[in-house]
Amino acid sequence: MKTGYLSELSKVVVKEFEVPGFDEHSVLMKVKAAGICGSDLHAFRGSHPFRKPPMILGHEATGDVVKVGAKVKGLNVGDRITVEPIKACGKCSYCLSGSYNLCPERVGAGVRGWLGTFAEYFAVPDMRAYKLPQELDYDLGVLAEPLAVGTHAVRLANIKKGSTCVVLGCGAVGMLAGVAAQEAGAGRVYCTDLNRFRLQIAEGFGLYPIKADEVSVEEMVKSFTPDGADVVLVAFTSSQAFGQALKLVKRGGTIIVIALFTDPVAIDMNTLQGNEINLKGSHIYTREDFESAIRILVKRKEDLRKAITHHVSLDGISGALEMLADPNNVAVKVIVQP
């Protein structure tokens, strides 16, 4: 099969691999659509902590089941599916409690021998495959994974009806986290970024865009809610992110960190402690979050389709990643069609 193979930093080539094998509890999927994620860009540029070349990139994907393992139940050849690209041990305390996203043995697609989704075929455990509702096509199904990242963060934030939320960073995960906050009952959701195009897409979702290099984010938020935001979601990696989040969140409010940081970050612990601010990390998702994401996609399918801005083939992945590396790009979610 053909794959999008990160052979070295900043170089993705089309390379032939054997069709992946799979066990009796897994299915083989013919990939129809795979999304380029920020983590793929980090791997491409050499800034990801564990996704390193050489490897097959990609972990967001939809497609058709073409083979099923002997003990698979509930899935059949021909089913259209989206996948949760996680393997966990199933035995540790985290897995047994449902928090398999925290499993010490957790593996993501493309890592430790599990081939990524920029390929013609992808093998996935049956418990990590979800049938696509009739209302969702392959492209929309790709959004389930990044939206699940957002639904998990929002669930941890315990957003109340009418809450004010600020999302720092308006990439695909950031704006989809903003949508998840809306669906959880938030009254007003701000989304900040430097990229005007992404802010326009977010505004189309009903988020309140703030171009952070043109106006004061703090002044805009506090003109609406003088005490500060109930929740701040940090969805971009910046050394200034925590300082800004501490200025935006209200006393007793919550900061959720979604973004993956590669370097240590200084935090003003006196402000955190003195204002009784809740600071939490949010790590990917669980089944509950993935199912919530699919429900949101069905509800807002035509709305959220605006996040899909480009399509490329396997030999166009390098060009797409170079485009995404430009801070002034006009892209949100790029779909790879193997």
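Mentor: In this predicted model, the buried residues of helix 8 pack against strand 11 (164-168), helix 7 (217-224), strand 14 (229-234), strand 15 (249-257), helix 9 (269-274) and strand 16 (278-281).

Trainee: Which residues of helix 8 are buried?

Mentor: Helix 8 spans residues 241-248, and its buried residues are A241, F242, A245, L246 and L248. Viewed down the axis of helix 8, these residues fall within an arc of 165°, so they line one face of the helix.

Trainee: Which residues of helix 4 and helix 10 meet?

Mentor: From helix 4, A144, E145, L147, A148, T151, H152 and R155 meet E288, D289, F290, S292, A293, I294, I296 and L297 of helix 10. The residues of this contact divide into 8 nonpolar, 3 polar and 4 charged.

Trainee: At roughly what angle do the axes of helix 1 and helix 12 cross?

Mentor: The axes of helix 1 (residues 38-45) and helix 12 (residues 317-325) cross at roughly 95° and come within 10 Å. Helix 1 and helix 12 are therefore roughly perpendicular to each other. In this contact, D40, L41, F44 and R45 of helix 1 meet S318, L321, E322, L324 and A325 of helix 12. The contact residues comprise 5 nonpolar, 1 polar and 3 charged.

Terms used
Residues are numbered from 1 along each chain as its sequence is written. This is a predicted model: local features need pLDDT of at least 70, side-chain atom pairs count only at pLDDT 80 or more; totals for chains, interfaces and linings use all residues. Side-chain values use heavy atoms; hydrogens and water are left out. Axes are lines fitted to C-alpha atoms, for helices over the stretch in contact, and angles run from 0 to 180 degrees between N-to-C directions. Helices (H or I, at least four residues) and strands (E, at least two) are DSSP runs, numbered from the N terminus. Angles under 35 degrees count as roughly parallel, over 145 as roughly antiparallel, 65 to 115 as roughly perpendicular and the rest as oblique. Contact means heavy atoms within 4.5 Å. Ala, Val, Leu, Ile, Met, Phe, Trp, Tyr, Cys and Pro count as nonpolar, Asp, Glu, Lys and Arg as charged, and the others, Gly among them, as polar. Buried means under 20% relative accessible area, exposed over 50%, partly exposed in between (1.4 Å probe, protein chains only). The arc is that of the directions from the helix axis to the C-beta atoms.
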